[in-house]
Amino acid sequence: MTTNQQILLASRPQGEASAANFRLVETALPALNDGQVLVRHHYLSLDPYMRGRMNDSKSYAQPQPLDTVMIGGTVGEVADSRHPTFKAGDKVVGMGGWQQYSVVDAGQPGMLRKVDTTHIPLSAYLGPVGMPGVTGWYGLMKICEPKAGETVVVSAASGAVGSVVGQLAKVRGCRAVGLAGGADKCKYVVDELGFDACIDYKQHPDLKSLSAALKDACPKGIDGYFENVGGMILDAVMLRANAFARLAFCGMISGYNGEPIPMTYPQLILTNRLKIQGFIVSEHMEVWPEALKELGTLVAGGRLKYRESIAQGIAAAPEAFLGLLKGKNFGKQLVKLT
Ligand code: NDP
C-alpha cells in the first residue's frame, strides 16, 4: 500500500471525448498529516457531468485542470487516520476522484461522510442513495411537483437518475412513463422498476413517430417531465405536454459533445403555460438529508430497485466513461477498485 494508480485529464476533447484525453500514472502515497485520512476506494462513480468538466468553457462549475486527477465520487474504507472522528475500517463516501486511494483533509466540511452499510450496500451510496438519487428526488419533487393521478415522463429512464425518478413518481401515485434506448432497457424499466410504460426512442427516428408513441403511452397527456437528454425527445414531450406542465431540466446528454440541440416549438411554452426550470443538485444541499432519508428507506426496504454496470480496475475507467456517454451502461456506471 505505498503506490496509487490515478487517471489524469491529459488533454481536452475536440468534439467526442476519447481514451487519449486520459493518462494513467502511478504515484507514491504521501505520509498523512494531522487531520488527514487515507481512504482506500472500493468504487468510483462515473457520471455524465464529468464530460462538461473536461471542457475549458463557461459553465456552472470550473473546468477540470489539465494533468490533475479526474474528479469523481467514491466510496471506500478508511485505511489510516490521523483525524479523531475517523478510524481504520470506517466506510465512507467522498469525492476521491479517479484513483485507488485519496488523502482527505477530513476536518473540512463535506469532504468525507461515514455511511452505514448494514442495510444498504456501499455502492448504492454512489447511486440511488447518493448524488444521482438526490438529483432524481430534487427535480421530481421540487420542480415537477407530482400529484396523484398525474403523468410523469422521464428520459434516460433505465439510468442512475431516471430509474429513481419513475419509481418515486409511482410512490406518489402517478403514471410513470420512461424513454430508453433499446428493448432490453425498456423491458427492465417496466418489468423490474415498475413503470407503467417505456418507449424505445431508437424505434422512432422522427418527431411524428415519437410523439405518436408518447400519445399512446400518455393518454391523459404529460404533467411532469424530467429531462435528461434534450433534442428530439424534448420536442416530442413538449407536443404532448398538458397546460401548466412542469419540466425539470436536469441533463442534456445528447448535446454534451458541443453539438447544438435546438428546441423546435418554443411557442408551446407560451401556449401551454409550461414551467421549465434547470437545476444543479449540489446547489440544493438543504434537501439532501430529507431526500437521502426517503431514498435510503426505500432501498433498504427493497422498494426502490436499481441496477449497476461495473467496470473492473482503475485502468478501465476511461473506456467505461466513454461508454456511458453512448448508452453502453445499463444502470449506474461504477468502477470497482478493490
Ligand atoms: P445514466 O445512467 O442515465 O447514463 C446516461 C444515459 O444517457 C445512457 O445510458 C443513455 O441511455 C442516455 N444517452 C446517452 N446519449 C444519449 C443520446 N444521444 N440520446 C438519448 N439518450 C442518450 O446517467 P445518469 O443517470 O447519471 O445521468 C442522467 C442525466 O442526469 C445526465 O444528463 C446527467 O448529466 C444529468 N445529471 C444532472 C445533475 C444535475 O445536478 N443537474 C446531477 C446528476 C446527473 P439510453 O441507452 O437509454 O439512451
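I started with the largest nonpolar core, which has 47 residues; such a core is a set of buried Ala, Val, Leu, Ile, Met, Phe, Trp, Tyr and Cys residues joined through side-chain atoms within 4.5 Å. Buried means under 20% relative accessible area (1.4 Å probe, protein chains only). Val-134 and Leu-295 have the most contacts inside this core. H2 (131-144), S8 (151-154), H3 (160-171), S9 (175-180), H4 (183-191) and H8 (288-300) each supply at least two of its residues; helices (H or I, at least four residues) and strands (E, at least two) are DSSP runs, numbered from the N terminus.

Note on the source: this is a predicted model, where local features need pLDDT of at least 70 and side-chain atom pairs count only at 80 or more, while totals for chains, interfaces and linings use all residues. Residues are numbered from 1 along each chain as its sequence is written, and side-chain values use heavy atoms, with hydrogens and water left out.

Next I looked up Leu-295. Leaving out residues up to four places away in sequence, Leu-295 touches Pro-128, Val-129, Gly-133, Val-134, Trp-137, Val-164, Leu-168 and Leu-304; contact is heavy atoms within 4.5 Å.

I also found a second, separate core of 25 residues, including Ala-197 and Ile-233.

Then I turned to H9 (residues 317-324): 7 of its 8 residues are buried, among them Phe-321 and Leu-322. The buried residues of H9 pack against S1 (3-9), S2 (22-28), S3 (36-45), H1 (49-53), S14 (308-312) and S15 (332-336).

Last, H5 and H6: residues in H5 including Leu-210 and Leu-214 meet residues in H6, among them Ile-233 and Val-237.

Notes:
Buried < 20%, exposed > 50% of the residue type's maximum accessible area, 1.4 Å probe, protein only.
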